[in-house]
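Keep the selection tool at hand.

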Amino acid sequence: MTPQSAEATKTIKSVARQTVLKMEHVTKRFGGLVAVSDFNLDLKEGELIGLIGPNGAGKTTIFNLITHVIPITEGKMEFYGKDITNLTTDRIIRLGVARTFQNIRLFSNMTVRENILTAFHAHLKSGLFTAVAFLPKYKNEEEYFQQKTLELMKEVGIEHLADNISSSLPYGLQRKLEIARALATNPKLLLLDEPAAGMNPDETLELNQLILRIRDKYKLTVIVIEHDMKVIMNICEKIVVLDHGVTIAQGTPIEIQQNPLVIKAYLGAGDEDA
Ligand SMILES: Nc1ncnc2c1ncn2[C@@H]1O[C@H](COP(=O)(O)OP(=O)(O)O)[C@@H](O)[C@H]1O
Ligand SMILES: [Mg+2]
């Protein structure tokens with residue numbers, strides 16, 4: 001291959017990397033409070049980016065806007081080129097966006113297995129699995145969901161707890177169960193809101209491996225909100241820093257660690273937000 005054609009191939013490849021999520025001039029106001037101000041993002045397929053900033057910076061609000069839990073005040077959002085600015089949460093989930101919550105949301109009196117099964121069933125009802133192309137391999141839908149549930153429990157390492165009530169699990173494992181529930185909706189974009197909260201250092205290391213593994217295996221694009229720098233700095237290719245709703249920096253982990261604005265607003269601020 002001549003150098004020129006190698007260059008051409010490179011260009012084609014970079015062109016081929018599709019934009020998954022585009023956010024343009026996104027602003028969210030709650031009365032007089034500007035929770036998110038003129039936020040812009042061009043997230044490419046397969047990217048794993050971190051969203052950081054002090055408490056109240058607007059991080060969770062950005063997830064709430066993407067999933068239309070709250071309506072946007074100004075701006076525009078596209079998912080794989082489709083305008084999703086005014087779509088309902090249900091539609092957005094069906095298009096392939098899944099999330100976990102800062103405050104864990106599980107059916108606390110159901111077992112681990114039931115929690116994942118209900119995630120499948122919710123999407124069966126919403127029409128996500130209308131095509132039954134998978135059926136020849138399985139006796140029926142129920143068997144398919146049972147198999148998939150087992151696969152997801154194994155993926156996140158909680159299959160030995162299948163019949164335990166979810167609220168009896170330690171926090172770290174409940175967070176993994178939430179990830180399994182999110183995967184059950186077959187997402188293309190996964191939004192993780194403080195997945196390491198309540199985890200010890202060993203669990204955090206495992207979580208890093210888990211996030212990287214599922215990104216590759218399920219071909220996900222991922223945004224992770226996290227205070228734990230062992231997660232953010234180790235697995236994210238790019239980091240966006242918010243402060244009072246304003247994007248004060250974007251860059252690689254090294255660039256962010258050395259950015260004076262970030263150090264002042266966040267990294268140098270001690271551990272009170274951890
Ligand atoms: N539903 C809401 N109604 C009113 N204010 C809100 C709402 N959600 C978030 N806020 C406010 O918006 C700001 C950003 O909150 P949030 O996005 O949760 O911050 P972060 O996740 O970065 O800690 C905070 O001042 C918060 O109080
Ligand atoms: Mg938050």
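This tour goes from the whole chain to the sheet, then to the helices and the metal site.

**Stop 1: the whole chain**

Remember throughout that this is a predicted model. The chain has 10 helices and 10 strands.

**Stop 2: the open sheet**

Select strands E6, E7, E8, E3, E9 and E10. In that order, they form an open sheet of six strands, and the pairing is mixed. Which strands stand at the edges? They are E6 and E10 (246-251), each with a single partner strand, so one side of each has no neighbour in the sheet. Look along the sheet next. On average, neighbouring strands are turned by 20° against each other, ignoring direction. As a general point, strands of a sheet pair through backbone hydrogen bonds, either parallel or antiparallel.

**Stop 3: strand E8**

Zoom in on residues 221-225, which are strand E8. Show the side chains and check both faces. Thr221, Ile223 and Ile225 are buried on one side. Val222 and Val224 are buried on the other.

- Strand E3 (residues 48-52) pairs with E8 in the parallel sense, over four bridges.
- Ile49 stands opposite Ile223 in E8.
- Leu51 has Ile225 of E8 as its bridge partner.
- Strand E7 also pairs with E8 in the parallel sense, over five bridges.
- Leu191 has Ile223 of E8 as its bridge partner.

**Stop 4: helix H7**

Select helix H7, residues 201-217. The helix packs on the sheet and touches E3, E7 (189-193) and E8. Compare its direction with that of E3: the angle is about 135°. Next, trace E7, H7 and E8. Together they make a right-handed β-α-β unit.

**Stop 5: helix H6 beside H7**

Show side chains for the contact. From H6, pick Gly172, Lys176, Ile179 and Leu183. From H7, pick Glu203, Glu206, Leu207, Leu210 and Ile214.

**Stop 6: the magnesium ion**

Select ligand 2, the magnesium ion. Thr60 is in helix H2 (residues 59-66), while Gln102 is in the loop between strand E6 (97-99) and helix H4 (112-125). The pair therefore ties together parts that are 42 residues apart in sequence. Colour both by accessibility. Thr60 has 24% relative accessibility and counts as partly exposed. Gln102, at 30%, also counts as partly exposed.

**Stop 7: Thr61**

Stay in helix H2 and select Thr61. Is Thr61 buried or exposed? Its relative accessibility is 12%. Buried means under 20%, so Thr61 counts as buried. Show what surrounds this residue. Leaving out residues up to four places away in sequence, Thr61 touches Lys28, Phe30, Ala35, Val36 and Ile70.

Note on methods: Residues are numbered from 1 along each chain as its sequence is written. Chains are lettered from A and ligands numbered from 1 in the order in which they are written. This is a predicted model: local features need pLDDT of at least 70, side-chain atom pairs count only at pLDDT 80 or more; totals for chains, interfaces and linings use all residues. Side-chain values use heavy atoms; hydrogens and water are left out. Donors are N, O and S atoms within 2.8 Å of the metal (3.2 Å for Na, K and Ca); water is not among the atoms, so sites may look incomplete. Helices (H or I, at least four residues) and strands (E, at least two) are DSSP runs, numbered from the N terminus. Buried means under 20% relative accessible area, exposed over 50%, partly exposed in between (1.4 Å probe, protein chains only). Two strands pair if DSSP finds at least two bridges between them. Axes are lines fitted to C-alpha atoms, for helices over the stretch in contact, and angles run from 0 to 180 degrees between N-to-C directions. Contact means heavy atoms within 4.5 Å. A crossover is right-handed if, with the strands pointing away from the viewer, the path from the first strand over the helix to the second runs clockwise.
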